[in-house]
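Open the model in your viewer and keep the selection tool at hand.

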Amino acid sequence: WPRCYDFTTPVQVRNFVEDFKLTTCLCMLRRFVLDGGSESSGWPRVAIEAALAVCKRRCVDVDDALDEALQPAVSESEWQTVSAWSLKHPGKRLKPKPREARESPEASATDRATASTATGAASSEAAASLESADEASVLAEATAVVEALRKRLPQFGLDGLQNIWVLKPAGKSRGRGIQLSARLENILDVGVGKGAESRWIAQKYIENPLVIQGKKFDIRQWVLVTRWNPLAAWFYEDCYCRFSFADYDPAKLKNRYAHLTNNSISKHADSFEEQRDETMWHSSMLQAHLASLRREDGKGGIMEDPWLELVQPRMRQIVQQSLESAQDAILPRSNSFELFGYDFMVDDDLQVWLIEVNSSPDLSSSTSTTRGLVKDMVEDLVKVVVDVEKFGLRQSRPRRKWGSCRTASGRFQLLEPQRRRREEKFGRIRKDAGQLSVQGASLKLRRPRRGEQPGGPDQEDAPQFSAVALLAAAEVEAANDEQPTLERRGGSSINSGDPGELESDDESGASSNEDD
């Protein structure tokens, strides 16, 4: 799922601020490379160099950075330089917020000097672009860094070019209170400042969504959980897509109809009634559309059915993993079940992302798509609960050969049937495991006697007991064993006196060869 941060936790707020700054530098560098490093990028050289320095540090491996002095991912001076410029309109300087103006006198002398340098660069047309002499070398270095980060960051694609984030309030549904922003101070004002009375979640906005007919969409997937231990999750084979009412445009963040796909949001748009049925697709229509894209499968071929080969299997995997992560935190109750509504998105690379999981999902017949789909799903839900799981009919759950037996579950399919079958065999073991305990007496470490550690507790170990010394000796021995030796037929080897001459075991000095 796209990375998220809970603003009720100070640690996660700090992590979000660091993530936001790092992503801003990456977005600026990506746009610079995308524009070819030309003067049309509009950003001053000092901003490009600051973003490049930050991204270069991200490419350093953790093992290589252990011996270096600890430093922030983005220094204050680097952030003052980069954040002064707009990612949406390259070359345009952003107006500082009142909060920034109040905090600027508290910056260090170095930060103020760097900020004044950036201000002077903004007013100078000559400093608004890279010098032509160094442009090629800077562009080459920036391109290499961007490609290195593309391989290192699993969410590189969705970061986009504007660093947009979604703010979601807790305790609300149907898209209420959701906000989009690409300014750090605005996000903190809502999540930590004046809006702190509510619980807010910041989630990275997917800036590379798969767009169909100019509109973005998400997928609503139903999942029925009938048991938590062992986990019994039923995945409904059919689902539906919800399209935004307006065309997708990342440059217009205030247009809710272009970015939110909730039907409760779209129904307030003008002329919605005339286009109501066009805002949803059955999964079979999405399946046909994905097949028409003729995407490569990564092996030189073409995927005949990306829905069955890539998208739906990934959705199943995400559902299983998400339920497993919450399995131990939920108290199991007999004869109870819950229906969840999973919201997925697909990006332009056909990667599947989990947006959120909804309890008590909407089951209204809002369009012609859901009118028939909801009715069939509810009927199949009763089949699973009553006919398969025997809710209310017997005290103990039925144990079957899940995965190989026939179940009248309709379009619901049990996830990981072999796992449920295996875990149901060890119910008694799980019951007895709660009675396990550790018995015994604790040991107290005695103090060293006089003479045992004459050099003190920090003295290095003797060579025959030192792990460092033993590892060094092993490396030397391994290096000696790897020295190549040349051997010829007849027992010839390299002469230790002259490595360029070969000596023979034959007294006459001539090599014996039976083939001669």
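Which residues in helix α15 (residues 417-424) are buried? Select R420, E423 and E424: these are buried, meaning under 20% relative accessible area, where exposed is over 50% and partly exposed lies in between (1.4 Å probe, protein chains only). The three cover an arc of only 100 degrees around the axis, which puts them on the same side of α15; the arc is that of the directions from the helix axis to the C-beta atoms. Helices are DSSP runs (H or I, at least four residues), numbered from the N terminus.

This is a predicted model, in which local features need pLDDT of at least 70 and side-chain atom pairs count only at pLDDT 80 or more, while totals for chains, interfaces and linings use all residues. Residues are numbered from 1 along each chain as its sequence is written, and side-chain values use heavy atoms, leaving out hydrogens and water.

Next, select R57 and E78, which form a salt bridge with the closest N and O atoms 2.7 Å apart; the term requires a side-chain nitrogen of Lys or Arg within 4 Å of a carboxyl oxygen of Asp or Glu. R57 lies in helix α2 (residues 45-58) and E78 in helix α4, so the pair ties together parts that are 21 residues apart in sequence. R57 is partly exposed at 27%, whereas E78 is buried at 13%.

Move to helix α14 (residues 368-388), where K383 and D380 lie 3 residues apart, about one turn of the helix. Their side chains meet in a salt bridge of 3.7 Å, N to O. K383 is partly exposed at 33% relative accessibility; D380, at 8%, is buried.

Finally, select D218, R220, R242 and D343, which salt bridges with shared partners join into one network.

Technical notes: Helices (H or I, at least four residues) and strands (E, at least two) are DSSP runs, numbered from the N terminus.
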